[in-house]
Amino acid sequence: MRVVNILFITLDQFRGDALACAGHPVVQTPHLDRLAREGVRFARHYSQAAPCSPGRASLYTGTYQLNHRVVANGTPLDRRWDNVAKAARRAGYRPTLFGYTDQAVDPRDATGPDDPRLRSWEGVLPGFEVGLNFATHNPGVWVDWLRGLGHEVPDDYEGAVGGEPGRPAEHSLSAYHTDVLLDWIAAQDGPWFAHLSQLRPHPPYGAAGRFATMYDPADMAPPIAPAEDRHRLHDGLRRAIGAPEDPTEMAQLRAQYFGMVSEVDHQLGRLWAALEASGQWEDTFIVVTADHGEQLGDHGLIQKAGFFEESYHILNIVRDPRQPRAHGAVVDRFTENVDLLPTLCEAMGLPVPDQCDGLPLTPFLAGEDPPHWRAAAHWEFDWRGSNIAKGVQAWPWDRRLEQQNLAVLRSEEAAYVQFGDGAWLCFDLAADPTWRTPVTDTGVILAHAQAMLTWRAQHTDRTLTGLLIDNGGTGRWPASHL
């Protein structure tokens with residue numbers, strides 16, 4: 001197949017159901033809908049972890065959290081892991097970032113406590129060149145640009161982004177990121193790889209300009225109410241990231257979220273138009289996904305955390321211009337963000353790295369069925385980060401941090417949640433898709449618990465396990481070293 005450009009887009013905190021083409025009754029996403037018509041939409045696509053850094057670690061490395069071990073915003077990413085930027089370099093690209101990757105530096109690569117890379121976890125994934133670096137601790141160049149346009153903008157991230165409803169949509173952060181990317185694309189004279197990492201629809205919950213009034217709060221459906229019988233983690237999260245109890249306030253929040261969705265969709269439309277005008281639309285492999293989802297009031301929560309599906313079900317649309325046969329297809333199999341590094345590797349003509357827990361989506365893009373596929377989606381959540389700052393644990397005897405995690409296996413009929421302290425939950429999704437009805441059939445519970453054990457057993461790190469050191473090396477060499 002011919003060499004193509006790679007446009008890898010993440011929309012931060014984008015719920016999988018927030019698409020018109022997915023049947024949402026209110027939100028308008030004409031440009032994502034177009035991409036779905038001219039590509040392949042994966043309707044049951046899931047992030048593997050939350051919040052941002054853990055979710056992106058899985059996305060960029062193709063590994064589950066049980067392997068990459070980025071468990072919090074601030075956990076360093078081990079330097080040994082291959083990633084999407086390193087792979088792109090092996091394929092001959094100069095992968096360039098526009099936005100952020102939220103990956104903290106491995107401290108073994110730092111020069112000491114005074115190394116500036118240790119001041120923030122919002123580092124750049126190794127392998128990327130930087131076209132635009134946006135970080136919440138230093139919104140920097142965008143704020144300077146706004147001030148040059150005559151806006152009064154505070155220095156802090158929350159204040160700067162939170163002021164978007166009062167400024168024209170053309171001056172939004174998403175618009176600025178798009179402007180910089182478009183200028184960069186226009187300057188390229190060969191195949192390119194760009195990673196556009198847009199902040200929106202991440203909070204603050206305020207859409208830019210005209211998009212702040214695009215949706216009437218009166219048209220917002222109420223969120224799923226929390227169940228009466230709740231795990232203590234659920235109650236703890238409600239104290240930390242509880243949704244507004246006032247229905248009017250909650251409806252306003254939802255309207256602003258969908259306004260942010262439509263605004264970032266509008267910016268994607270500008271990208272599509274520029275690629276068409278420059279003759280690159282049919283030469284650009286496009287992936288649009290998210291790092292995690294958004295509770296949006298469901299189960300009494302906002303933001304992303306815990307075990308509920310809303311925090312992990314995300315959009316994923318892939319367009320391979322070389323495979324028109326499958327364009328317009330909707331895939332209902334369980335797909336995961338760990339599948340995207342394998343997919344991009346194959347799109348770039350590379351072997352899939354041995355570390356990858358995911359499978360390439362390539363057969364679906366060609367309109368074919370893969371030889372085998374998973375029967376459930378999986379994700380993990382670890383909340384030890386909120387307790388690390390309370391003091392160093394008495395290692396090796398104090399193992400409380402190792403209990404502050406959970407894993408989810410979500411099948412067609414049920415969702416099984418295993419907690420690190422031995423507790424568990426199992427929800428009957430066949431009877432109640434809102435995750436509020438427990439499974440009572442012990443056979444179903446046991447089958448899901450066994451399936452989770454099997455999943456974990458089959459996804460321990462395999463980087464060198466297929467190789468024997470004898471006679472010069474027998475077996476499968478690590479693909480990144482071939």
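Over the face of which residue does arginine 34 lie, and at what distance from the ring centre?

1. Charges over rings. The structure under discussion is a predicted model. Arginine 34 is placed over the face of tryptophan 281, 4.4 Å from the ring centre.

2. Aromatic pairs. A pair of aromatic rings is described by the distance of the centres and the angle of the planes. There are 24 aromatic pairs in the structure. Phenylalanine 8 and tyrosine 60 are both buried.

3. A pair between two loops. Phenylalanine 308 and tryptophan 435 also form an edge-to-face aromatic pair, at 6.2 Å centre to centre and 65° between the planes. Distant parts of the chain are linked here: phenylalanine 308 is in the loop between β7 and β8 (313-314), whereas tryptophan 435 is in the loop between β14 (424-428) and α13 (442-458), 127 residues apart. Phenylalanine 308 counts as buried because its relative accessible area is 4%, under the 20% cut-off. For tryptophan 435 the relative accessible area is 2%, so this residue is buried as well.

4. Aromatic cluster. Phenylalanine 308 and tryptophan 435 are part of one aromatic cluster, whose members also include Tyr46, Phe307, Tyr312, Phe334, Trp379, Phe419 and Phe427.

5. Strand β9 and its partners. Strand β9 (residues 316-319) is covered on both faces: Asn316 and Val318 on one side are buried, as are Ile317 and Arg319 on the other. Strand β2 (residues 40-46) runs antiparallel to β9 and is joined to it by two bridges; within this pairing, valine 40 has valine 318 as its bridge partner. Strand β7 (residues 284-289) likewise pairs with β9 in the antiparallel sense, over four bridges. Here the bridge partner of valine 288 is isoleucine 317 of β9.

6. Asparagine 387. What does asparagine 387 touch, leaving aside residues up to four places away in sequence? The contacts of asparagine 387 are Gln393, Leu401 and Gln404. Asparagine 387 is located in helix α12 (residues 385-388). With a relative accessible area of 16%, asparagine 387 is buried, since the cut-off is 20%.

Methods:
Residues are numbered from 1 along each chain as its sequence is written. This is a predicted model: local features need pLDDT of at least 70, side-chain atom pairs count only at pLDDT 80 or more; totals for chains, interfaces and linings use all residues. Side-chain values use heavy atoms; hydrogens and water are left out. Buried means under 20% relative accessible area, exposed over 50%, partly exposed in between (1.4 Å probe, protein chains only). Contact means heavy atoms within 4.5 Å. Two strands pair if DSSP finds at least two bridges between them. Rings of Phe, Tyr and Trp (its six-membered ring) pair if their centres lie within 6.5 Å; planes under 30 degrees apart count as stacked, over 60 as edge-to-face and the rest as tilted. A charge sits over a ring if NZ of Lys or CZ of Arg is within 6 Å of the ring centre and within 35 degrees of the ring normal.
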